[in-house]
Amino acid sequence: MKTTLRLRHSFNQRKRKEKIANAVISTLMAIICLILIIPFLWMVVSSFQPDGESLFSDPPKFPSPWRWENYVDIFTNWGEMNLLKMLGNTMVVVFSTMAISLVSSVLVAYGFARFRARGKKLMFGIMLGTMMLPWIVTLMPSYILFTKLQWTGTYLPLIVPAIGGGAFNVFLLRQYLMGIPKTIDEAGIIDGCSRFGVLWRLLLPQCKPVLATLVIFSFNGLWCDYVGPSIYLMGNSDKYTLSVGLSILANQADYGVIPWHLIMAACVVFALPMVLVLFFAQDAFVRGIVTSGLKD
């Protein structure tokens, strides 16, 4: 009887400690999330200010009145900067590059995961080694190459390098495919599927979590990319993407007054697609992060 009571008392103490620990962790997470989201909330609230000076009032204050017309003005009444056209340019670059990169990465990862070839491990190691190389190292040689090809001022330097996929994408896909039993491939081949049919009909439907992960990473990276468009598109304002356009919007101010309220509204428009993509793909994204890279 005494032993039972001691065990029950020990169990209750352990449960209380776990509850306290969970409460502390949850509180810390909530504080960290609040700190991280404050700049975004300030940007959203500032986008409704009636003028740019209201952003710097001391103490800070909410818009009075809330000016919803700011979002109309950034598309219609902002000088030579056509935000709608820049949005279209960004979509062309992002979706073209994503499509080419993901298709190429799937094919390369399928080869590494399923085919036998001499020196395959060495080639895979060399591919992973490219992830260790800082992008700044290849920036100048790439610019000289694209200049020689007369591609500067076009979207080609931003889209064509996606052919062949990305090392990170190939790594995640290869690790995920390695975790799928090869008996599925054998069953598909016995039923008359080609190698490509096995990939398309049997393997890709099971790769939805990791594909969602790569879509989110690729979309956010390409959508926010500033260095590439600023280098290869500079001087060709008709092809500016949003990241480049937002960086020069302050120069469109009248009489030297920077319209911060309009810039904040443009920043909200710029950030909204990334938030929506993550929101709609978050479940598959979490599954892809947990399951990718578990098997060598």
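**View 1. Glutamine 150 in the loop between H5 and H6 of this predicted model.** Glutamine 150 sits in the loop between H5 and H6, where helices (H or I, at least four residues) are DSSP runs numbered from the N terminus. Although glutamine 150 is not a glycine, its phi is positive, at about 60°. The residue is exposed, with a relative accessible area of 69%; exposed means over 50% relative accessible area, with a 1.4 Å probe and protein chains only. Residues are numbered from 1 along each chain as its sequence is written. In this predicted model, local features need pLDDT of at least 70 and side-chain atom pairs count only at pLDDT 80 or more, while totals for chains, interfaces and linings use all residues, and side-chain values use heavy atoms, with hydrogens and water left out.

**View 2. Serine 64 in the loop between helix H1 and helix H2.** Serine 64 is placed in the loop that lies between helix H1 (2–46) and helix H2 (69–76), and this serine is exposed, with a relative accessible area of 64%. Although serine 64 and phenylalanine 48 are 16 residues apart along the chain, their C-alpha atoms are separated by 8.8 Å.

**View 3. Helix H3 and its start.** Helix H3 (residues 83–114) has 32 residues and reaches 46 Å from its first C-alpha to its last, close to the 46 Å expected at 1.5 Å a residue, a span defined as 1.5 Å times one less than the number of residues. At the start of H3, the backbone nitrogen of leucine 84 has a side-chain oxygen of asparagine 82 within 3.2 Å.

Definitions and conventions
Helix = DSSP H or I, 4+ residues; strand = E, 2+ residues; numbered from the N terminus. Buried < 20%, exposed > 50% of the residue type's maximum accessible area, 1.4 Å probe, protein only. Polar contact = N/O pair within 3.5 Å; in protein donor to acceptor, adjacent residues only side chain to side chain.
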